[in-house]
Amino acid sequence: MKARFQTVGYLLVDAFARTEVMDARLPSQMWSPSTCLSNAYPDADFTWVTTSSEQDDALRTRLGLSEVQLSEYKADATRLLDEGHLGWPSLFLSLPHARSFAARWLTEVVDLRLLGIALPTDLASSATASCAPEPGMGPSGVYLGLKRQAVDEEEGTTLGFDVLGLEAESGSFHAPICNDLVGDFIDRLELSLNEHALLSTLTDATRAADFCRLDETGAEPDLWLPWRIRRHELR
């Protein structure tokens, strides 16, 4: 029986390069929903988030914006958050709004990609419960995306499956690459990564997620699940 998926949201991320400490079997350039690896936009760049002048200067340089434009960038991200089109810290809940944000602010970002993330429907309810906000805390974008129970879209190109560790409170992801698990996937589990550094089937990704949840694995103590990754056109 074909697996059913629930679309959770969309991420605007840039590329990261394989480093000397990473497994040499990885591609030289990759994209990830994990901000341990890729930069995500807007990545909590909201008007009420305190940042240093050094952080703002680095962001302005990466985006090619003036000081005034950076203030407008943060104001636009804050508006999208307030209107429910964007969830903390950088998960868009609307594909058109992700595209319009990229077209307005991210034209200077090198190798930008728009990725859609989805979970198998049979895992969505437990994931929703695990990342429900504590009293007095705001919801993460992943929680909002799960709660809306969006019908899976047909648009986009499926790149494969990523095993991601969800931090329940922050709504951010850890990845197998930053937990040095790629070699274990290939050598111990005998799994193959495709040209996107992703697993090609849900079955393989489920095995890898189960492995990440083992105490002996030593992965971050997060909720490791198999996520389907799709690439969407920026326009």
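Leaving aside its neighbours within four places in sequence, Leu164 touches Pro33, Phe173, His174, Ala175, Leu223, Trp224, Leu225 and Trp227, where contact means heavy atoms within 4.5 Å. The structure is a predicted model, in which local features need pLDDT of at least 70 and side-chain atom pairs count only at pLDDT 80 or more, while totals for chains, interfaces and linings use all residues. Residues are numbered from 1 along each chain as its sequence is written, and side-chain values use heavy atoms, with hydrogens and water left out.

Leu164 belongs to strand S9; helices (H or I, at least four residues) and strands (E, at least two) are DSSP runs, numbered from the N terminus. With a relative accessible area of 0%, Leu164 is buried; buried means under 20% relative accessible area, exposed over 50%, and partly exposed in between, using a 1.4 Å probe and protein chains only. From Leu164 to Met22 the C-alpha distance is 17 Å, and the two residues are 142 residues apart in sequence.

Aromatic rings come next. A pair of aromatic rings is described by the distance of the centres and the angle of the planes. Rings of Phe, Tyr and Trp (its six-membered ring) pair if their centres lie within 6.5 Å; planes under 30 degrees apart count as stacked, over 60 as edge-to-face and the rest as tilted. Searching the whole structure gives nine aromatic pairs. One of them is the tilted pair of Phe5 and Phe161, with 5.9 Å from centre to centre and 35° between the planes. Phe5 sits in strand S1 (residues 5-13) and Phe161 in strand S9 (residues 157-166), so this pair ties together parts that are 156 residues apart in sequence. Phe5 and Phe161 are both buried. Phe185 and Phe211 make an edge-to-face pair, at 6.4 Å centre to centre and 70° between the planes. Here the partners come from helix H6 (residues 182-188), which holds Phe185, and helix H7 (residues 202-212), which holds Phe211, so the pair ties together parts that are 26 residues apart in sequence. Phe185 and Phe211 are buried too. Elsewhere, ring pairs join Tyr73, Phe92, Phe101 and Trp105 into a cluster.

Rings also meet charged groups. A charge sits over a ring if NZ of Lys or CZ of Arg is within 6 Å of the ring centre and within 35 degrees of the ring normal. Arg113 lies over the face of Trp31, 3.5 Å from the ring centre. Phe5 returns here, with the charged end of Arg228 over its ring at 4.9 Å from the centre.

Helix packing can be followed through the axes, which are lines fitted to C-alpha atoms, for helices over the stretch in contact, with angles that run from 0 to 180 degrees between N-to-C directions. Angles under 35 degrees count as roughly parallel, over 145 as roughly antiparallel, 65 to 115 as roughly perpendicular and the rest as oblique. Helix H2 (residues 67-82) and helix H3 (residues 95-105) have axes that come within 11 Å and cross at roughly 175°. That angle makes H2 roughly antiparallel to H3. On the H2 side, Gln69, Glu72, Tyr73, Asp76, Ala77 and Leu80 meet His97, Phe101, Arg104 and Trp105 of H3. By contrast, H1 and H2 pack at about 95° with axes 10 Å apart, and are therefore roughly perpendicular to each other. In this packing, Asp56, Leu59, Arg60 and Leu63 of H1 meet Glu67, Leu70, Tyr73 and Lys74 of H2.

The loops hold some backbone details. Tyr41 and Pro42 are joined by a cis peptide bond with omega about 10°, and Pro42 is in the loop between strand S4 (40-41) and helix H1 (53-63). Asp43, found in the loop between S4 and H1, has phi near 50°, a positive value in a residue other than glycine. A cis peptide bond also joins Trp88 and Pro89, with omega about -10°; Pro89 is in the loop between strand S5 (86-87) and strand S6 (91-92).

Finally, the structure contains zero disulfides, a disulfide being a pair of cysteine sulfur atoms within 2.5 Å. For Cys36, the closest cysteine sulfur is in Cys178, at 4.0 Å, too far for a bond. Cys36 is partly exposed, with a relative accessible area of 43%. The sulfur of Cys212 is 10 Å from the closest cysteine sulfur, in Cys178, again too far for a bond, and Cys212 is buried at 3% relative accessible area.
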